[in-house]
Amino acid sequence: MYRGRASAVVRPGSTEEVSKVLALANEHRIPVVPQAGNTGLVGAQIPIGGEIVLSVGRLKRVRVVDPQGFTMMVEAGLTLAEAQTVADDVNRLFPLSLPSEGTCQIGGNLGTNAGGVGVLAYGNARQLVLGLEVVLADGRVWNGLNALKKDNTGYDLKDLFIGSEGTLGVITAAVLKLFPRPAEKATAFVGLSGLDSALALFNLAQETAGPSFTAFEVMPHLVLDIIVRHVAGARRPFAAPHPWYALLETSGLKADGTAERVLTDALTAASERGIIDDAVIASSLGQARDFWRLRESYSEAQKPVGASVKNDVSVPVAAIPEFIRRADAAVERICPGARPLPISHFGDGNVHYNIAQPEGMASDRFMGLWDDIVHAVHETVLGLNGSISAEHGIGVMKREELAQVKGDVAMDLMRKIKAAFDPKGILNPGKVL
Ligand SMILES: Cc1cc2nc3c(=O)[nH]c(=O)nc-3n(C[C@H](O)[C@H](O)[C@H](O)COP(=O)(O)OP(=O)(O)OC[C@H]3O[C@@H](n4cnc5c(N)ncnc54)[C@H](O)[C@@H]3O)c2cc1C
């Protein structure tokens, strides 16, 4: 969707080099776009008017790993998958997990406050950070690399940088939280008659499985269907179709079968109460991976279906069924035959409410309806006290809408923060604000 034009790409190899680049750019008022893995979905990492791209991909040092203190200090250019491996190697878990994890990098994950499939149990990127090192627009280095869980010394600067999409500073390193690595997991794929059953199942699993309940993803039959049709090796978990499906995971710290027992108990109770229609618990690691692969192939499977309008939104968890019903009706009014393909990090209230073009319709005609469809979806979200950006950010895609949804006071504060951190406006201009 976004095509970049950069006057140069710089690839500093140290914090000091990032500092020198920014000091020079600031002196000469040259705009700079911080870029990490370039997997962002709202155009925030793309140079739109010949800016310099500052890639953090060479900042790859693992500075400290402290399994006793459950922290690690890594630089911004490590891919998320590499960071997970660093933790894994000392028998710890770094729980941030996204389908793009082989390519996206820690700098981008923190720049976007990424979410993903582990949020239900461990929180989003913001909740996984204890300290940051950031190079400011004028080249000064803010060393906020502490590893403290408690630190109430004035304003929390790190939380301003996280999720600021490269507009306030360039993150060069971070102290990240680690967790005990689960010794076992149990995974189930469940057939449901409707979205209200998904909500009932989610609540029941929370009540019965408690903290060992670590993932809950939901998709309708049409999404499963396109995945199975278009992704090599993807298989249907059930012979007969169900209107909706949920993917559940429980985790345990001891390899004693508790994770599977807890999951079985939850599903048995759900079956007795008529909440679920069918369920299969993975009997091997391979089958569990197959279930997860269905979820992770969502983006890949959409491409052969034609053009799609994409929405990353959130509403209070209990409002998800109502949101999807209202949004489906609104989309059908605007473009009869359009095919909603929602997939939900349900426990976080987050719905990727993407809509594929009607079969046989010209792609550009459908894409011409982008604004109307997005507007209707966002109206629905706001009517349910939700957010127009759950985890992907604002970038250029939602910039104009931000002012409408945030209100004057929040916009005024955000503009003042931007002016305080980057008075010459060289960092990622035209993004977010
Ligand atoms: C297939 C696929 C699946 C995805 N699934 C998810 C998902 O489940 N959850 C989710 O949250 N996102 C998801 N995303 C979106 C994307 O992967 C995430 O937003 C990711 O965190 C971006 O990281 P990146 O390294 O690619 O950053 P980039 O795309 O390079 O940059 C993203 C933003 O961060 C800023 N930035 C980059 N580096 C720095 C830095 N060092 N300091 C300050 N700012 C910086 C950029 O300027 C830009 O604003 C998905 C994307 C794809 C393609």
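Contact means heavy atoms within 4.5 Å. With that in mind, helix 1 lies across strand 4, strand 7, strand 8 and strand 9. The model is predicted.

- Three strands form an open sheet in the order 1-3-2. The pairing is parallel.
- Strand 1 (8-10) and strand 2 (32-35) are the edge strands, and each pairs on one side only.
- Neighbouring strands here are turned by 25° against each other on average, direction ignored.
- Strand 1 pairs with strand 3 (residues 52-55) in the parallel sense, over 3 bridges. Val 9 stands opposite Val 53 of strand 3.
- Strand 2 and strand 3 also run parallel, joined by 4 bridges. Pro 34 faces Leu 54 of strand 3 across the pairing, standing opposite that residue.
- Strand 2 is covered on both faces. Val 32 and Pro 34 are buried on one side. Val 33 and Gln 35 are buried on the other.

- Five strands make up an open sheet in the order 4-5-9-7-8, and their pairing is antiparallel.
- The edges are strand 4 (62-66) and strand 8, each pairing on one side only.
- Strand 5 (residues 71-75) and strand 9 (residues 170-177) run antiparallel and share 5 bridges. Glu 75 has Ala 173 in strand 9 as its bridge partner.
- Strand 7 (residues 129-135) and strand 8 (residues 141-144) are antiparallel too, with 4 bridges between them. Glu 133 stands opposite Asn 143 in strand 8.
- Strand 7 and strand 8 form a hairpin, with 5 residues between them. Gly 139 sits in the turn and has a positive phi of about 95°.

**Helix 1 and the sheets**

- Helix 1 spans residues 15-27.
- Helix 1 lies across strand 1, strand 2 and strand 3. The helix runs at about 160° to strand 3.
- Helix 1 also lies across strand 4, strand 7, strand 8 and strand 9. Here the angle to strand 7 is about 50°.

**Helix 6 with helix 11**

- Two packed helices are described by the angle between their axes and the distance between the axes.
- The axes of helix 6 (residues 195-209) and helix 11 (residues 320-334) come within 8 Å. They cross at roughly 160°.
- Angles over 145 degrees count as roughly antiparallel, so helix 6 and helix 11 are roughly antiparallel to each other.
- The crossing of helix 6 and helix 11 is right-handed.
- Helix 6 contributes Leu 195, Asp 196 and Leu 199 to the contact. Helix 11 contributes Pro 321, Ile 324 and Arg 325.
- By class, this contact of helix 6 with helix 11 has 4 nonpolar and 2 charged residues, and no polar ones.

**Helix 6 with helix 8**

- The axes of helix 6 and helix 8 (residues 258-272) come within 9 Å and cross at roughly 135°.
- Helix 6 passes helix 8 in a right-handed crossing.
- On helix 6, the residues in contact are Leu 201, Leu 204, Ala 205, Thr 208 and Ala 209. On helix 8, they are Val 262, Ala 266, Leu 267, Ala 269 and Ala 270.
- The contact of helix 6 with helix 8 counts 9 nonpolar residues, 1 polar residue and no charged residues.

**Two buried residues**

- Ser 212 is found in the loop between helix 6 and strand 12 (213-220).
- A residue is called buried when its relative accessible area is under 20%. Ser 212 has 17%, so Ser 212 is buried.
- Not counting residues up to four places away in sequence, Ser 212 touches Glu 249, Thr 250, Ser 251 and Val 262.
- Ala 83 is found in helix 2 (residues 80-89). With a relative accessible area of 0%, Ala 83 is buried.
- Leaving aside neighbours within four places in sequence, Ala 83 is in contact with Met 72, Leu 78, Phe 94 and Ile 106.
- Ala 83 and Gln 105 are 22 residues apart in sequence. In space, they are 8.7 Å apart, C-alpha to C-alpha.

Methods. Residues are numbered from 1 along each chain as its sequence is written. This is a predicted model: local features need pLDDT of at least 70, side-chain atom pairs count only at pLDDT 80 or more; totals for chains, interfaces and linings use all residues. Side-chain values use heavy atoms; hydrogens and water are left out. Axes are lines fitted to C-alpha atoms, for helices over the stretch in contact, and angles run from 0 to 180 degrees between N-to-C directions. Angles under 35 degrees count as roughly parallel, over 145 as roughly antiparallel, 65 to 115 as roughly perpendicular and the rest as oblique. A crossing is left-handed if the near helix is turned anticlockwise from the far one by less than a right angle, and right-handed if clockwise. Ala, Val, Leu, Ile, Met, Phe, Trp, Tyr, Cys and Pro count as nonpolar, Asp, Glu, Lys and Arg as charged, and the others, Gly among them, as polar. Two strands pair if DSSP finds at least two bridges between them. Buried means under 20% relative accessible area, exposed over 50%, partly exposed in between (1.4 Å probe, protein chains only).
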